[in-house]
2 protein chains.
Amino acid sequence: MSKGLIKRSENYSQWYNELVVKADLAENSAVRGCMVIKPYGYAIWEKMQAQLDKMFKDTGHMNAYFPLFIPKSFFNKEASHVDGFAKECAVVTHYRLRTTENNEIEVDPNAKLEEELIVRPTSETIIWNTYKNWIQSYRDLPILVNQWANVVRWEMRTRLFLRTAEFLWQEGHTAHATKEEAIEETKQMINVYAEFAENWMAMPVKIGTKTDSERFAGAVDTYTIEALMQDGKALQSGTSHFLGQNFAKAFDVKFLTKENKEEYVWASSWGVSTRLMGALIMSHSDDLGLVLPPKLAPFQVVFVPIFKNDDQLNAISERIDPIIKALKSRGITVQFDKRDSQRPGFKFAEYELKGYPVRVAVGPRDLESGQYEVARRDTLEKSFVAESEIVEYIENLLGEMQTAIFNKAKIRREETTSKVDTYDEFKKILEEKPGFILAHWDGTAETEERIKNETKATIRCIPIDSEKEEGKCMVTGKPSKRRVIFAKAY
Amino acid sequence: MSKGLIKRSENYSQWYNELVVKADLAENSAVRGCMVIKPYGYAIWEKMQAQLDKMFKDTGHMNAYFPLFIPKSFFNKEASHVDGFAKECAVVTHYRLRTTENNEIEVDPNAKLEEELIVRPTSETIIWNTYKNWIQSYRDLPILVNQWANVVRWEMRTRLFLRTAEFLWQEGHTAHATKEEAIEETKQMINVYAEFAENWMAMPVKIGTKTDSERFAGAVDTYTIEALMQDGKALQSGTSHFLGQNFAKAFDVKFLTKENKEEYVWASSWGVSTRLMGALIMSHSDDLGLVLPPKLAPFQVVFVPIFKNDDQLNAISERIDPIIKALKSRGITVQFDKRDSQRPGFKFAEYELKGYPVRVAVGPRDLESGQYEVARRDTLEKSFVAESEIVEYIENLLGEMQTAIFNKAKIRREETTSKVDTYDEFKKILEEKPGFILAHWDGTAETEERIKNETKATIRCIPIDSEKEEGKCMVTGKPSKRRVIFAKAY
């Protein structure tokens with residue numbers, strides 16, 4: 001651990017980049033645009049995965065696995081999908097290397113694939129090509145499948161977690177007998193994402209639908225959860241798509257209804273990715289480092305003994321070990337940092353940087369007084385807590401912190417959400433107090449495009465909870481039925 | 001579900017292929033050599049993953065994630081590694097597609113990568129290139145990291161689970177300050193694999209080391225667990241490699257010792273893959289379908305109600321629901337198949353095919369007698385069990401089956417393990433009673449090669465538990481110190 005982070009107020013973007021690396025979350029690899037997710041970062045991702053996976057299974061889904069590669073021709077089958085996805089991607093053209101006379105390695109020109117393979121940027125095509133064989137009658141429906149996988153999109157400008165060439169995600173792909181059921185599934189899953197974001201990541205989100213231009217390539221409707229980062233920029237954190245019969249038609253997937261009629265199957269797909277790691281980091285962290293909601297912290301509590309020799313350490317351990325045991329029996333994850341190679345001050349800074357929610361410092365004098373210093377990471381407040389009460393205290397504190405971190409993020413979001421009625425005011429707010437901006441829009445792609453070009457702000461979503469409100473588009477003055485949410489976005 | 005499987009005795013290989021597909025475990029995809037792992041098959045893999053992951057974490061490892069792609073030049077750095085791995089692999093040469101005038105998709109010739117990327121066949125090179133930056137001093141060691149990932153090896157002849165172009169696996173990659181510690185880790189992990197194979201997969205294995213010719217490319221020593229399938233062919237089920245300082249030297253990874261001396265780091269790597277699914281299937285299953293050890297069955301118990309109308313089904317449910325609840329509270333996974341679209345006989349066959357360990361049939365008359373028919377999948381035995389005892393009975397039965405399935409496989413292995421002293425006898429046994437053959441070998445690659453060419457049998461391992469026994473090589477008559485295990489292998 002070297003010196004501290006740059007301050008958010010000085011350079012938010014640099015602060016993020018430094019934090020990701022210094023907190024041991026991820027780093028750039030030798031392969032352009034691909035990241036290495038380090039053990040501590042991956043442990044957070046595993047916590048996310050475990051909870052999401054549970055929520056998917058609780059809503060009736062099962063996991064499966066589909067190929068990494070997609071034949072090039074598959075992308076041609078769904079017209080709008082190809083434009084959205086088949087452009088910037090990794091293309092496998094050969095299947096063998098050979099050694100040259102100079103003992104170097106080269107691609108064997110004799111091992112060229114007849115049809116190039118695309119490393120999946122998303123799996124709708126290969127999955128619907130597979131579903132074709134799984135679905136004959138209404139009895140085979142619904143299919144409720146999820147996949148945890150890596151995907152590749154050849155991004156030119158990458159940032160750790162936020163935009164990388166390879167990333168990890170889950171993609172749900174469901175097949176239904178009716179339109180209504182597919183829409184219900186689409187909505188159910190965006191709600192699962194919202195619940196996860198708010199109750200686990202402690203990150204408030206707005207649920208809404210995307211405009212035509214921001215919609216997933218191949219979808220009829222895209223639902224999104226949008227979060228607001230500390231710099232006032234929005235981050236799309238999860239999407240759920242109602243695909244209509246588009247992919248069923250592209251891959252000729254029909255089924256026999258109860259009434260013995262042939263119909264195309266209805267579909268949804270939905271996904272969240274390691275991008276959530278970026279959202280988590282930027283939602284709560286501060287100038288000292290990571291702030292993690294306790295539910296997603298790999299270790300929720302760390303004990304730092306303050307000692308000068310082995311005798312002191314042993315005396316501390318003797319008193320601390322039963323406390324650790326009691327905490328663990330309540331399902332709380334604990335570390336006890338006995339390293340003598342680092343001083344306590346160094347350790348304190350390290351655990352602040354890594355976002356351990358609760359830190360307990362115990363020295364020889366504390367053993368006498370029977371009171372230990374408990375520091376909470378979110379507010380940095382310290383309390384002295386009696387040994388007899390500390391287990392209960394920490395358990396309650398973790399719950400309290402989970403709520404406090406959410407509330408803080410929610411208040412921040414509300415403070416940086418503005419209602420705006422003129423385009424001038426809109427631009428001014430974007431400059432002076434960026435955040436979500438609720439404004440009227442005439443519903444055309446032209447106006448949306450114009451605003452984007454002139455201000456870099458985009459329509460994040462048409463919120464599902466928005467009230468009907470007659471108004472006039474802030475740009476064209478044309479009539480509008482409800483406000484939409486604008487923001488600059490990651 | 002169509003008609004039954006072909007018999008093992010008629011065509012073992014076809015039986016396996018049919019079983020994998022009909023039991024809904026996996027199927028071939030549209031991409032040559034790549035499989036789709038179906039939800040039921042994937043649920044078994046998830047059970048394997050969960051237990052292995054727990055065992056890795058219990059032995060101090062953490063998970064991380066490294067890039068899918070490896071720069072071509074990395075394979076040149078470890079001389080023997082390149083021959084073993086960089087040949088048959090998927091090569092990414094371009095990063096963009098474009099649409100032609102005829103609205104077709106083609107690879108954009110302007111988007112050629114400067115250096116080709118290889119889809120990882122294994123990750124030693126990219127990981128050791130990363131570790132270089134993680135390791136400066138002995139304080140940074142050991143690194144105990146595992147990765148769950150997909151890998152690609154361009155196999156020409158593929159079979160579901162056993163040999164596919166893409167497969168799922170885990171790969172542990174550890175770095176140590178001393179040779180002894182790295183060897184200890186290598187052995188620890190092969191023992192973890194053996195414990196998993198025997199106690200979870202109910203599959204007895206032989207632990208041993210590989211000969212020079214069968215060793216992992218880049219390893220100093222390869223430990224293996226070898227299982228014996230029902231057709232008498234061996235299946236290598238997991239390997240753990242002591243890599244010496246080979247990769248540290250190739251990627252220049254040095255550390256400062258406590259004594260402030262610079263030294264190369266010592267390494268191990270170890271892995272198991274979805275190949276274990278093939279091993280599991282072939283170890284226990286029969287002509288009716290899959291036989292699963294209860295610890296790895298996605299659903300351990302299925303209740304099949306026998307009913308003619310909703311009233312009967314409701315009456316059955318009323319009595320069965322509390323039993324299901326009681327079973328679940330003991331951590332037992334249960335399904336209750338209320339479908340009225342299929343007859344009980346059809347369902348029985350389906351659950352036998354899919355290897356549900358315990359099936360309980362309940363009809364209206366059983367409600368009166370208060371006794372239910374409990375069928376166990378491994379022996380197909382049925383018992384009538386009183387309602388009041390059924391929860392306890394099933395819990396015990398599942399434990400008993402786990403042991404019985406292991407014992408059956410172990411007896412079969414012992415019955416097909418032979419000690420042989422002449423080459424003629426060796427060939428005869430291979431024809432008539434294939435299995436493990438313990439024989440003396442002179443320790444040379446030439447003799448090993450000759451035996452392989454003449455009989456297709458290979459040395460599976462030099463077993464670690466073999467007793468020292470002076471003897472003569474069955475082929476050359478040269479002296480040998482111990483018997484090694486031969487078999488034909490998958």
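Copies of a chain are superposed by least squares on the C-alpha atoms of residues with pLDDT of at least 70 in both. In this predicted model, a rotation of 180° with 0.0 Å of shift along its axis places chain A on chain B, with an RMSD of 0.1 Å. The two copies are thus related as by a two-fold rotation axis. Among the residues of chain A, Val92(A) comes closest to the rotation axis, with its C-alpha at 2.1 Å.

The interface between the chains brings 53 residues of chain A into contact with 53 residues of chain B. On the side of chain A that touches chain B, strand β5 (residues 88–99) of chain A gives the most, with ten residues. By class, this side of chain A holds 34 nonpolar, nine polar and ten charged residues. Of the interface residues of chain A, 100% are also interface residues in chain B, so the copies meet through the same surface. Strand pairing also crosses between the chains: β5(A) and strand β5 (residues 88–99) of chain B run antiparallel and are joined by five bridges. Within this pairing, Glu88(A) has Arg96(B) as its bridge partner in β5(B).

Within chain A, the domain assignment gives domain 1 (12–68 + 121–284), domain 2 (294–400) and domain 3 (417–487). A distance of 37 Å separates the C-alpha centres of domain 1 and domain 2 of chain A. Contact between these two domains of chain A involves eleven residues of domain 1 and six residues of domain 2. Helix α2 (residues 39–58) of chain A gives the most to the domain 1 side of this contact, with five residues. That side of domain 1 of chain A has eight nonpolar and three charged residues, and no polar ones.

Chain A also contains an open sheet of eleven strands with mixed pairing, in the order β3-β8-β9-β15-β12-β11-β10-β23-β26-β22-β21. The edge strands of chain A are β3 (62–63) and β21 (417–419), each of which pairs on one side only. In this sheet, strand β8 (residues 143–152) and strand β9 (residues 166–176) of chain A pair in the antiparallel sense over ten bridges. Asn146(A) has Gly172(A) as its bridge partner in β9(A). Helix α5 (residues 179–199) of chain A packs on the sheet and touches β9, β10 (206–209), β11 (221–228), β12 (234–244) and β15 (266–273) of chain A. The direction of helix α5 of chain A makes about 165° with that of β12(A).

Notes:
Residues are numbered from 1 along each chain as its sequence is written. Chains are lettered from A and ligands numbered from 1 in the order in which they are written. This is a predicted model: local features need pLDDT of at least 70, side-chain atom pairs count only at pLDDT 80 or more; totals for chains, interfaces and linings use all residues. Two residues are in contact if their C-beta atoms, placed from the backbone, lie within 7 Å. Helices (H or I, at least four residues) and strands (E, at least two) are DSSP runs, numbered from the N terminus. Ala, Val, Leu, Ile, Met, Phe, Trp, Tyr, Cys and Pro count as nonpolar, Asp, Glu, Lys and Arg as charged, and the others, Gly among them, as polar. Two strands pair if DSSP finds at least two bridges between them. Domain bounds come from an automatic or database domain assignment. Axes are lines fitted to C-alpha atoms, for helices over the stretch in contact, and angles run from 0 to 180 degrees between N-to-C directions.
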